[in-house]
Amino acid sequence: MSSLTGPVRIVGAGLLGTSIGLALTKQGVDVILSDSSRSSQALAVDYGAGREPRDGDNPALVVVAVPPDHTATVVAAELASYPNAFVTDVASVKLPILQELQAMGVELSHYVGSHPMAGRERGGAISGRSDLFIGRPWVVVPHEGSNYDAVRVVTDLALDLESVPVNMEPIEHDHAV
């Protein structure tokens, strides 16, 4: 059973987003899937990784699973759209995203970057697996402005997906990766 409460919104229905959705829905979590590609979103929904967004959705957690060059813009939009939600991303770089968000003047107390150290040879929703994260490190990357509860929720996400959470500073993560 998941320790996460409330709906989880996943933006990006590729390999990581779909896999997170599959794992959470398997635990009974209400997952909302959103992707700029309607076909990717529809495929992930058809696979059972979550449902289509509805008016009035109020997620407790938003997971941004888009390419790194779009991550900061999407994180900023999600923080603005859901000011009560905690927001994380699963991009492979952390410091440039944090710096871009800071340069945009985004209020970041509800944001904590993260990076599951898992993947497959193939991408896209079609490659999603609910067991992708089991036993894999999930790097949680708080920053000096991170709210304690935001860090806890992102850590809970990693634990719910049976990953091993590891805290790192953004620059430490990027050098390690």
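Of the 177 residues in the protein chain, 54% count as buried. The structure is a predicted model. Its radius of gyration is 14 Å, which agrees with the value near 16 Å that a compact globule of 177 residues would have. Along the principal axes, the C-alpha atoms fill a box of roughly 40 × 35 × 30 Å.

**Fold and contacts**

- The protein chain contains six helices and seven strands.
- Read from the N terminus, these elements follow the order β-α-β-α-β-α-β-α-β-β-α-β-α.
- Among contacts between residues at least 6 apart in sequence, 68% join residues at least 24 apart.

**Surface and charge**

- The protein chain has an accessible surface of about 8100 Å², and carbon and sulfur atoms account for 52% of this area.
- There are 11 positive and 21 negative side chains, and the centres of the two sets lie 9 Å apart.

- Thr71 belongs to helix H3, which covers residues 68-81.
- Thr71 has a relative accessible area of 0% and therefore counts as buried.
- Leaving aside residues up to four places away in sequence, Thr71 touches Val64, Val66, Asp89, Ala91 and Ile97.

**Salt bridges**

- Side chains of opposite charge can pair when their charged atoms come close.
- Eight salt bridges are found in a search of the whole structure.
- One of them joins Asp30 to Arg51, with the closest N and O atoms 2.8 Å apart. This pair links distant parts of the chain, 21 residues apart: Asp30 is in the loop between helix H1 (15-26) and strand E2 (31-34), and Arg51 is in the loop between helix H2 (38-47) and strand E3 (61-64).
- Asp30 counts as partly exposed because its relative accessibility is 31%, whereas Arg51 is buried, with a relative accessible area of 15%.
- Glu52 forms a salt bridge with Arg38, and the closest N and O atoms of this pair are 3.4 Å apart. Glu52 lies in the loop between H2 and E3 and Arg38 in helix H2, so that the pair links distant parts of the chain, 14 residues apart.
- Glu52 is partly exposed, with a relative accessible area of 29%, whereas Arg38 is exposed, at 54%.
- Arg129 pairs with Asp131 in a salt bridge whose closest N and O atoms are 2.8 Å apart. Arg129 counts as partly exposed at 35% relative accessibility, and Asp131 is likewise partly exposed at 35%.
- Salt bridges with shared partners join Asp30, Arg51 and Asp57 into one network.

Methods
Residues numbered from 1 in each chain as written. Predicted model: local features only at pLDDT ≥ 70, side-chain atom pairs only at ≥ 80, totals over all residues. Heavy atoms only, no water. Helix = DSSP H or I, 4+ residues; strand = E, 2+ residues; numbered from the N terminus. Rg over C-alpha atoms; globule rule 2.2 N^0.38 Å. Buried < 20%, exposed > 50% of the residue type's maximum accessible area, 1.4 Å probe, protein only. Contact = heavy atoms within 4.5 Å. Areas by Shrake-Rupley, 256 points an atom, 1.4 Å probe, with all protein chains shown as cover. Lys, Arg positive; Asp, Glu negative; His and termini not counted. Charge placed at Lys NZ, Arg CZ, Asp CG, Glu CD. Salt bridge = Lys/Arg side-chain N within 4 Å of Asp/Glu carboxyl O.
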